[in-house]
Amino acid sequence: MGRTEIAVVGAGPAGLAAAIEAARAGAQVTLIDENERPGGQLFKQIHKFFGSEAHRAGTRGVQIGRDLLKEAQDAGVEIRLNTVVYGLFAHHCLGLVCGDHTEDLQAEIIILATGASENALAFPGWTLPGVMGAGAAQTLINIHRALPGYRVLMVGAGNVGLIVAYQLLQAGAEVVAVVESLPCIGGYGVHASKVRRAGVPILTAHTIVRAEGENGVERAVIAQVDENCQPISGTEQNLDVDTICLAVGLSPLAELAWMAGCQFTYIPTLGGWVPVHDQDMQTSLTGIYVTGDLTGIEEASTAMEEGRLAGLAAAETLGYLAPEEGERKKAQVRELLATLRIGSFGEGRAVAKGQIVKARCEA
Amino acid sequence: MKAGNQRAEVVKTIHSTEVVVIGAGAVGCSIAYWLAKRGKDVALVDRGGPGAGTSMATSGLVWSSYKEPYTYMELNLRSSLLWPKMVEELGEDVELRQDRGGVKLCLTEEDYINLEALAERQRRSPLFKGRMLSPQEVFELQPGVSRQIVGALWSPHDGDANPIKWVFALVRGCKRLGVKIMRDAEVTGFDLDESNRVKGVFTSRGRIETEYAVNAGGAWAGRLAEMVGVTLGLYASRGQMLVSEPAPIVCPTPMSILRQVPDGHFHMGVTYEGEGFEASSTLEAAEQLAKNAIKMVPLARNLSVIRHFAGLRPMPRDGLPFLGPIPHVPGYYVAVSHSGNTLSAIHGKIISDLIVDGHTDVPIADYDPLRFDERGKGEGHL
Amino acid sequence: MRIEDHPILGKAEWGRKITLIVDGEPIEAFEGEPIAAALIAAGHRVFHYTTKRNEPRGVFCALGRCTDCVMTVDGQINVRTCVTPARDGMVVKTQIGLGQWEDLQVCGEKEE
Amino acid sequence: MKDDELICRCEEITQAEIKEAIKFGLKTMTEVKRFTRAGMGLCQGMTCGRLVMGILARETNQPLSEVKPCTSRPPVRPVPVSVLANRVTDDDQN
């Protein structure tokens with residue numbers, strides 16, 4: 001059986017940041033990711049991040065991914081790519097799929113940074129080829145440089161919907177419309193205005209009614225919705241599209257945390273069921289930490305800070321950081337996290353995050 | 001001794017019936033169904049929902065040929081013969097496959113010699129119709145198996161079914177017959193009168209007034225027996241199984257250990273592990289089950305495993321069922337066995353015979369629930 | 001369609017040009033990219049037909065999770081094409097239902 | 001959404017079938033999965049899980065916070081049998 005001090009599952013922004021902090025403190029860290037390259041969703045994110053200098057504002061996600069990878073390598077993190085953690089078993093043992101074989105890896109501390117998955121929306125025709133997750137379209141255009149369609153309807157005007165709609169335009173597709181069932185746009189105004197300036201209508205209080213076509217999407221029918229989100233008859237419109245992208249939210253990808261037996265709490269603002277954790281990101285189970293979107297859907301910047309927090313706490317637990325030093329460093333990160341969770345979008349998350357920690361205390 | 005008696009005044013009676021069957025797995029559901037069919041007022045209680053326990057993690061075999069001694073094989077065989085009748089009565093497709101018989105592969109010469117000797121022992125029963133097959137005969141029945149096999153034991157009475165559909169079909173049958181199904185009701189004790197006779201069952205939802213209680217608690221039956229001071233001689237043993245993605249059928253014949261179900265999935269079983277209520281999956285089992293599957297059906301190597309699960313099977317210390325009354329606790333019956341899926345049919349008949357008629361025509365003397373109980377033997381217990 | 005020029009990402013740097021045989025027809029792909037990316041770029045939308053309803057399915061999650069993009073590749077059924085790298089000469093088939101075993105595989109004689 | 005709409009893409013299970021399971025008296029995601037097979041397909045409920053949770057909550061008048069996902073079991077991705085059979089441990093390497 002392979003052994004390591006800290007195993008980090010998922011090499012997105014949270015996992016990378018956790019691995020870097022723990023390794024810098026001197027811990028033996030193994031970072032595992034199922035993809036060919038690390039960075040998680042950062043590699044799809046070709047837009048510039050905003051926020052403060054400390055959070056790499058003005059840098060594109062893809063570049064942040066490269067920077068973090070380099071830092072992880074420099075810090076001595078063992079990075080295992082193309083490796084699926086297929087299960088979390090008793091005694092902190094991970095089952096790894098590595099090409100043609102499996103390996104066991106036992107870790108003193110496991111940091112789960114498994115991210116999120118896209119929510120689905122069921123409507124007539126949603127199984128037709130051409131209906132796909134916005135993330136799927138983003139992967140195809142930004143990583144594989146393959147355009148999934150020429151005329152696209154985007155469903156959902158949160159940040160993902162707006163950003164991917166704009167990136168589809170950059171990739172050469174025509175975005176026919178963005179529909180949003182809520183009465184207002186969910187994403188940042190900056191992203192919305194870029195999409196609007198490009199001539200794409202953002203239709204709030206509208207939803208997709210059905211997709212039609214023989215062997216793939218040929219058209220979409222949209223309609224206005226009432227206050228209960230039900231389509232208002234007579235308001236249907238046909239849109240001539242070949243692709244429909246769904247950007248209807250993300251859910252924490254928590255299978256491994258469930259499998260481990262972590263306690264969970266349900267917090268809608270953060271995407272649903274999330275593992276409860278303490279101020280150090282430790283779950284209800286000793287030695288199992290969670291970080292990033294798995295602990296609630298936020299942004300790459302908060303994911304990175306949470307990752308650092310988990311990495312520091314793990315290193316401290318193993319004795320690589322003296323308690324005072326550990327506390328001081330963790331306090332700094334918590335302060336940075338607090339500055340990220342301000343404003344109309346951030347405050348709700350700050351409150352929700354408080355609920356998670358509270359649930360952990362009560363558990 | 002009976003903690004239940006003290007609680008009788010405080011616990012609210014939520015229901016009154018003639019028989020409470022505890023455990024809504026295949027065995028309990030079948031017993032409830034048979035009793036209701038024979039006119040009894042029945043409540044079926046389970047601490048979870050129907051089939052939440054071992055019945056959902058079983059391999060689904062309806063099998064008798066290799067079960068020993070031959071008298072136990074006969075009990076299983078009789079139950080297998082009851083299955084199609086019950087399925088017809090229930091009017092649902094539970095994927096029962098008995099038309100091709102069932103095979104147990106011999107991967108080595110030693111396997112073959114052992115199974116051949118077993119078949120010889122089973123022939124003491126006139127009911128046994130099993131025989132050894134040559135590799136060529138096996139390939140005709142089961143094209144997907146390894147060309148390396150030495151042969152197989154085949155019996156026309158062996159087969160399989162979908163254990164999940166079976167439980168749900170039984171539950172629907174119970175509902176049609178008016179059985180009261182009480183879920184999320186964990187049994188916490190038994191209410192006994194001065195002469196130690198059952199008069200009620202305490203559950204987490206309240207007391208149920210009843211004349212009879214049937215312990216069909218499967219792997220958890222030992223605890224329910226301890227509540228009336230009886231030790232069954234039963235332990236829980238983890239069994240793990242892998243399920244593959246569906247593939248076109250190459251193994252149409254029911255087969256023990258590894259079977260391809262009608263919708264194409266391979267169920268790759270199954271581990272026999274030590275004592276304990278731990279029911280998580282292990283890395284070791286994944287490896288062992290996968291290796292074994294490839295030995296039996298080499299093409300399975302290319303299929304992906306989509307599920308790895310573990311269940312707890314009830315293991316009587318001597319492998320034989322606990323089936324019948326507890327004489328010093330009148331009204332208390334036990335129906336627990338390792339082969340719950342196969343035996344569910346006949347357990348229903350036997351327990352309903354005992355409760356309705358006071359006797360059964362099926363020989364059950366070997367399955368006395370008190371055979372391991374030091375305290376509970378004979379009348380002296382009280 | 002391929003995205004050759006991109007305002008942010010610049011000119012594409014492709015791998016070695018290879019050929020996949022898709023339902024008998026050759027299509028151009030780049031070594032190492034997911035099979036699904038090559039198919040999407042070639043305008044291929046239907047990856048398999050479902051078992052029960054015989055309905056067409058295509059790429060849905062592109063992350064190897066949803067399994068809507070499964071096809072039969074080199075005789076292997078249910079290959080998740082969105083996470084399986086393309087190799088020169090791969091024989092890719094639109095999968096109908098559960099797909100089909102190749103004859104030789106059935107006996108397990110192909111391997112040992 | 002209409003009842004004949006597919007919810008589970010892999011096993012092709014409709015909303016009507018899920019509602020039937022709930023009417024039958026099933027209350028947890030694991031029970032609904034066993035009854036209907038929704039979430040038992042190749043993707044193991046990755047896509048439909050949340051949709052089924054929504055239907056279960058709505059039909060049983062429970063808040064979503066009362067509906068927990070199905071028991072999580074390995075493997076979280078499909079793993080070929082040959083790969084599981086080829087488990088490399090330190091002992092093999094020495």
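Visitor: How do strand 17 of chain B and strand 3 of chain D pair?

Guide: Two strands count as paired if DSSP finds at least two bridges between them. Here strand 17 (residues 304-316) of chain B and strand 3 of chain D run antiparallel, joined over two bridges. Strands are DSSP runs of E with at least two residues, and helices are runs of H or I with at least four, numbered from the N terminus. This is a predicted model: local features need pLDDT of at least 70, side-chain atom pairs count only at pLDDT 80 or more, and totals for chains, interfaces and linings use all residues. Residues are numbered from 1 along each chain as its sequence is written, while chains are lettered from A and ligands numbered from 1 in the order in which they are written.

Visitor: Which residue stands opposite Ser304(B)?

Guide: Look for Pro80(D), in strand 3 of chain D.

Visitor: What is the strand order in the open sheet?

Guide: Its five strands go 15(B)-16(B)-14(B)-17(B)-3(D), with antiparallel pairing. At the edges sit strand 15 (258-260) of chain B and strand 3 (79-80) of chain D, each pairing on one side only.

Visitor: Okay, and how many residues does the contact take from chain A and from chain C?

Guide: Residues are in contact if their C-beta atoms, placed from the backbone, lie within 7 Å. Chain A brings 23 residues and chain C brings 25.

Visitor: Which element of chain A gives the most to the side that touches chain C?

Guide: That's helix 3 of chain A, with five residues. Strand 7 (116-118) and strand 8 (131-133) of chain A also give two or more residues each.

Key: Two residues are in contact if their C-beta atoms, placed from the backbone, lie within 7 Å.
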